[in-house]
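Here are some notes on the model, as numbered points. Have a look at the coordinates first, then read on.

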Amino acid sequence: LLAAVWPGRAGERVLDVPCGAGRLLPFLRERHHEVVWADGALAMLREASQRSAEAHPNVLQTDAVRLALRDRSVDGVVQFRFLHHLPPSRAKASVAECCRVARRFVVVSFFHPCSVHHGQRRLRDLLRGSGARRHAVTLARLQRWFRAHQFQLTAHRADLPFAKDLWVAAFVRTEA
């Protein structure tokens, strides 16, 4: 999915936030990016560094909703398998931070609410009497969040749209 929407160019500096165990590093290195890993959990940064046999990227411990980076300090940001963990207000704040630090593009994954998988998850949560543990957002809402920061949707993909809930979208800055 990620490869189908990727707007990055060889040699660009890309922030992977949160990087988790570093599973996107091979994808980013294949595209010849300078990689910056960021995660709020020091344990994840350590695990990512231990799992990587190649040269480690730049590493930064920081909160994805308040990134410890200057405005437009990286060419692009990838935020994969993260937004669905945040309630809408924090997801929106995280998108704003990605837009703030990215010079050119941001790629995010998200759970779409109009899918069989999401419906099953919500039903399970309701039957257990628990609140939502995974949060979904529509593509239209994401577009509004990004538009507020002068980013425009350039591509999006889903693996079995409306059956599975994982979607990926790429946004590119519209002003210089």
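Is glutamine 150 buried, partly exposed or exposed? At 37% relative accessibility, glutamine 150 counts as partly exposed; buried means under 20% relative accessible area, exposed over 50%, and partly exposed in between, with a 1.4 Å probe and protein chains only.

1. Ground rules. This is a predicted model, with local features needing pLDDT of at least 70 and side-chain atom pairs counting only at pLDDT 80 or more, while totals for chains, interfaces and linings use all residues. Residues are numbered from 1 along each chain as its sequence is written, and side-chain values use heavy atoms, with hydrogens and water left out.

2. Glutamine 150 sits in the loop between α6 and β6, and its phi is near 65°, a positive value in a residue other than glycine. Helices (H or I, at least four residues) and strands (E, at least two) are DSSP runs, numbered from the N terminus. Histidine 32 also has a positive phi, near 60°; its place is the loop between α2 and β2, and histidine 32 is exposed at 56% relative accessible area. Then there is a cis peptide bond from valine 17 to proline 18, with omega near -15°. Proline 18 belongs to the loop between β1 and α2. For context, most residues other than glycine have a negative phi, and most peptide bonds are trans.

3. Strand β7. Eight of the eight residues of β7 (residues 166–173) are buried, so the strand is largely enclosed by the rest of the structure. Leu166, Val168, Ala170 and Val172 point one way, Trp167, Ala169, Phe171 and Arg173 the other, and all are buried. Note that an arginine, Arg173, is on that buried list.

4. Neighbours of β7. Strand β5 (residues 102–111) pairs with β7 in the antiparallel sense over seven bridges, and valine 108 stands opposite alanine 169 in β7. Strand β6 (residues 151–158) also runs antiparallel to β7, joined by seven bridges; there, alanine 158 stands opposite tryptophan 167. Two strands pair if DSSP finds at least two bridges between them.

5. The structure holds nine salt bridges, each a side-chain nitrogen of Lys or Arg within 4 Å of a carboxyl oxygen of Asp or Glu. One of them joins the side chains of glutamate 34 and arginine 13 at 3.2 Å, N to O. Glutamate 34 lies in strand β2 (residues 34–39) and arginine 13 in strand β1 (residues 13–16), so the pair ties together parts that are 21 residues apart in sequence. Both ends are partly exposed: glutamate 34 has a relative accessible area of 37% and arginine 13 has 25%.

6. Arginine 100 pairs with aspartate 71, the closest N and O atoms being 2.8 Å apart. Arginine 100 is in helix α4 and aspartate 71 in the loop between β3 (58–61) and β4 (74–79), so this pair links parts 29 residues apart in sequence. Aspartate 71 is exposed at 53%, whereas arginine 100 is partly exposed at 25%. Arginine 72 forms a salt bridge with glutamate 175, with closest N and O atoms 2.9 Å apart. Arginine 72 lies in that loop between β3 and β4 and glutamate 175 in the segment after β7, so the pair ties together parts 103 residues apart in sequence. Salt bridges that share partners also join Asp71, Glu97 and Arg100 into one network.

7. Positive patch. Which residues gather in a patch of positive charge on the surface? They are Lys92, Arg141, Arg144 and Arg147. A patch takes residues with over 30% relative accessible area and no salt bridge, and joins like charges within 9 Å; the place of a charge is NZ of Lys or CZ of Arg. Helix α6 (residues 139–147) gives the largest share, three residues. Lysine 92 is in helix α4 (residues 88–101) and counts as partly exposed at 47% relative accessibility.

8. Two C-alpha distances to check. Glutamine 120, in helix α5 (residues 116–128), and arginine 31 are 89 residues apart along the chain, and their C-alpha atoms are separated by 36 Å. Leucine 25, in helix α2 (residues 25–30), is buried at 3%.

Technical notes:
Patch = residues over 30% accessible without salt bridge, like charges linked within 9 Å, V, L, I, M, F, W, Y side chains within 5 Å. Areas by Shrake-Rupley, 256 points an atom, 1.4 Å probe, with all protein chains shown as cover. Lys, Arg positive; Asp, Glu negative; His and termini not counted.
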